[in-house]
Amino acid sequence: MSKPPFDASALHERFDRFDHARLPERVVNARGAGAHGYFEAYESMASLTRADFLRARGKRTPVFVRFSTVSGFRGSTDLARDVRGFAVKFYTEEGNYDLVGNNMPVFFIQDAMAFPDLIQAAKPDVHNEMPQAATAQDSYWKFISCMPESMHMIMWAMSDRAIPRSYRMMEGFGVHTFRLINAAGEGHFVKFHWKPALGLHAVTWDEAVKISGNDPDFHRRDLFDAIEAGDFPEWEFGVQIVDEKDRHAFDFDLLDPTKLIPEEVVPVRRIGKLVLDRNPRNYFAETEQVVFHPGHVVPGIDLSDDPLLQGRVAAYAHAQASRLGGADGYDLPINRGRASATDVARRNGHGTSARSDTFLDHFTQARMFLHSQSEPEYNHICHALEFELGKVNSAAVRERTLFMLAQVDADMAASVGKGLGMPVPRKVGAPKTDHSRPARDLPVSPALSMANGHPRGIATRKVAVLLADGYDRADLATLRKALESSGAWMKIVAPQLGAIPSHHDAVEADFSFRTSDSVLFDAIYIPGGRKSVDALKRHVEVGDFIRDSWRHCKAIAASGAGVELLAGLPGASAANGRMKSVHGVVVAPGKASDAMAEAFVQAIASGRHWVRETLA
Ligand code: HDD
């Protein structure tokens with residue numbers, strides 16, 4: 001057979017497609033995951049806004065949402081300590097509306113001019129491209145320590161909010177104050193919120209580190225799996241409305257993006273819901289090619305004069321033109337509107353970067369946030385700061401940061417200083433603190449603590465059942481019934497994959513000890529069965545599962561012979577033959593009962609059992 005002639009044009013065409021199947025990654029928020037869904041309005045908001053998608057009860061609008069981390073590259077781990085982007089594109093009948101927010105309600109800086117410096121400082125070092133997706137580095141803390149206005153956001157970024165359990169379990173915020181305009185042209189200030197139906201949950205730092213190795217796609221996979229399973233992620237859309245005449249009624253500037261309005265001062269009114277019910281078919285054409293622009297609004301929603309917001313409007317157009325090559329990016333299918341969008345960037349573009357003296361109180365709300373945390377949350381912030389600053393080489397940067405932290409709260413700074421082996425300096429040659437105002441004490445805001453984030457049930461929480469050949473079938477059936485009727489996802493983890501037999505029955509293993517790890521689950525259960533438990537005792541991974549679940553304060557349960565594996569855990573011993581539940585450890589020395597299964601469900605529902613962090 002003769003060789004076919006070389007077809008140069010076919011080769012060119014093939015490589016043309018091949019080479020264009022990549023876009024330069026986003027300069028920030030490069031790593032992301034997206035999904036389609038809809039927004040449904042609960043009520044007509046016509047008295048406040050003429051925006052069509054908010055004007056009729058029950059009205060549905062298609063949406064595309066992209067979640068992201070900020071500083072890592074496109075291939076970086078999902079579990080970096082970082083802010084999460086929460087960008088929503090509403091395909092309204094009046095054009096696309098982009099609400100380009102984050103999972104934290106404030107921002108690091110007040111003026112967009114400093115944004116490139118902030119990002120440069122958070123990205124890997126220019127000469128050796130280290131560290132990846134991590135702010136525990138000199139350049140970052142050098143920037144922060146010179147930027148007193150960042151202290152409020154630093155409290156958030158060092159809190160457990162920066163290591164969420166799932167995109168589905170975090171809040172979203174529009175951050176800036178926006179404006180709603182009704183048909184009569186009357187305006188109101190508004191702050192936007194997304195409240196997750198599953199409540200607020202985070203992982204521990206040790207877990208985040210281990211998840212990064214076990215499954216760097218943890219959040220992306222979690223979102224994808226939930227939608228595939230029909231457990232559609234859901235958020236309520238909330239608004240805090242402020243009369244325009246109350247522009248100066250607060251003890252901070254309403255247009256300052258480093259401040260929030262406590263929910264106890266202006267309640268969040270829930271006016272609709274967001275449901276994500278469809279995964280993208282093509283990651284590149286949808287999640288990668290989507291562009292969001294804070295200037296893309298619809299009639300009835302307007303920008304405020306927040307200088308950061310005004311700066312963003314200019315910056316996004318720039319970034320998108322360079323990434324997608326001119327304005328054509330807006331014609332890509334994922335970005336195309338149902339009608340032409342109103343682009344405020346072109347309509348007015350005040351471009352102001354003026355900041356008045358009312359922006360100078362940098363520490364009061366940082367202190368309020370810190371004092372609103374539960375004790376474990378407060379401790380985690382101190383530990384995160386110890387970790388981050390412990391990785392900073394420059395003593396001057398550490399000192400200056402400690403000094404800045406002391407402006408927020410002296411005890412917190414002292415505790416971090418102790419971990420670093422450094423006293424908190426009374427004075428440093430720090431720039432820019434002199435004109436900041438000292439922190440005042442405000443009433444605490446319980447809504448700022450994740451501990452009050454209303455966990456509702458255990459739907460979609462992942463429970464690992466550790467078993468081997470000869471497990472107790474009745475135990476497994478009892479737990480399965482309770483977990484599955486609560487909507488949890490039960491997964492079998494066994495010494496090997498395939499069918500795991502028990503008498504004449506068998507169960508299929510979802511994971512082996514080699515392909516899973518306790519950090520990928522929310523809780524663990526060990527059923528009885530002498531043969532099974534004896535086999536588990538021979539696997540070192542079982543000990544790791546139990547130790548890590550304990551350390552990460554997760555619910556743990558065992559029944560029958562399975563209880564032997566928990567020996568040594570406080571609370572797991574001396575059950576006197578009766579079921580008991582202590583510190584989130586539920587043991588039933590006999591058969592698993594409905595009451596025991598219910599106690600386990602409750603132990604999962606009550607979130608992490610932080611009390612264990614204080615036990616020896
Ligand atoms: Fe930004 C992307 C959120 C301040 C400049 N930003 C980006 C994304 C989110 C945010 C969610 C990813 C969108 C997506 O999924 O594609 N950014 C925020 C929030 C901010 C903020 C909530 C403060 C309140 N950003 C901010 C400032 C600037 C930028 C002050 C510049 C002056 N942001 C960008 C950008 C990006 C971006 C460089 C990268 C890629 C893109 O826009 O399209 O232009």
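Analyst: The mean positions of the 72 positive and 77 negative charges of the chain lie 2 Å apart. Lys and Arg count as positive, Asp and Glu as negative, while His and the chain ends are not counted. Each charge is placed at NZ of Lys, CZ of Arg, CG of Asp or CD of Glu.

User: And where does the model come from?
Analyst: It's a predicted model, where local features need pLDDT of at least 70, side-chain atom pairs count only at pLDDT 80 or more, and totals for chains, interfaces and linings use all residues. Residues are numbered from 1 along each chain as its sequence is written, and side-chain values use heavy atoms, leaving out hydrogens and water.

User: Ok, how many helices and strands are there?
Analyst: The chain has 17 helices and 21 strands. Those are DSSP runs numbered from the N terminus: H or I of at least four residues for helices, E of at least two for strands.

User: How much of the chain is buried?
Analyst: 57% of the 616 residues. Buried means under 20% relative accessible area, with a 1.4 Å probe and protein chains only.

User: New topic: which domains does the chain have?
Analyst: Domain 1 covers 22-133 + 164-356, and domain 2 covers 462-614. The bounds come from an automatic or database domain assignment.

User: How far apart are their centres?
Analyst: 39 Å, taken over C-alpha atoms.

User: And how many residues are in contact between them?
Analyst: 16 residues of domain 1 are in contact with 12 of domain 2, where contact means heavy atoms within 4.5 Å.

Terms used:
Buried < 20%, exposed > 50% of the residue type's maximum accessible area, 1.4 Å probe, protein only.
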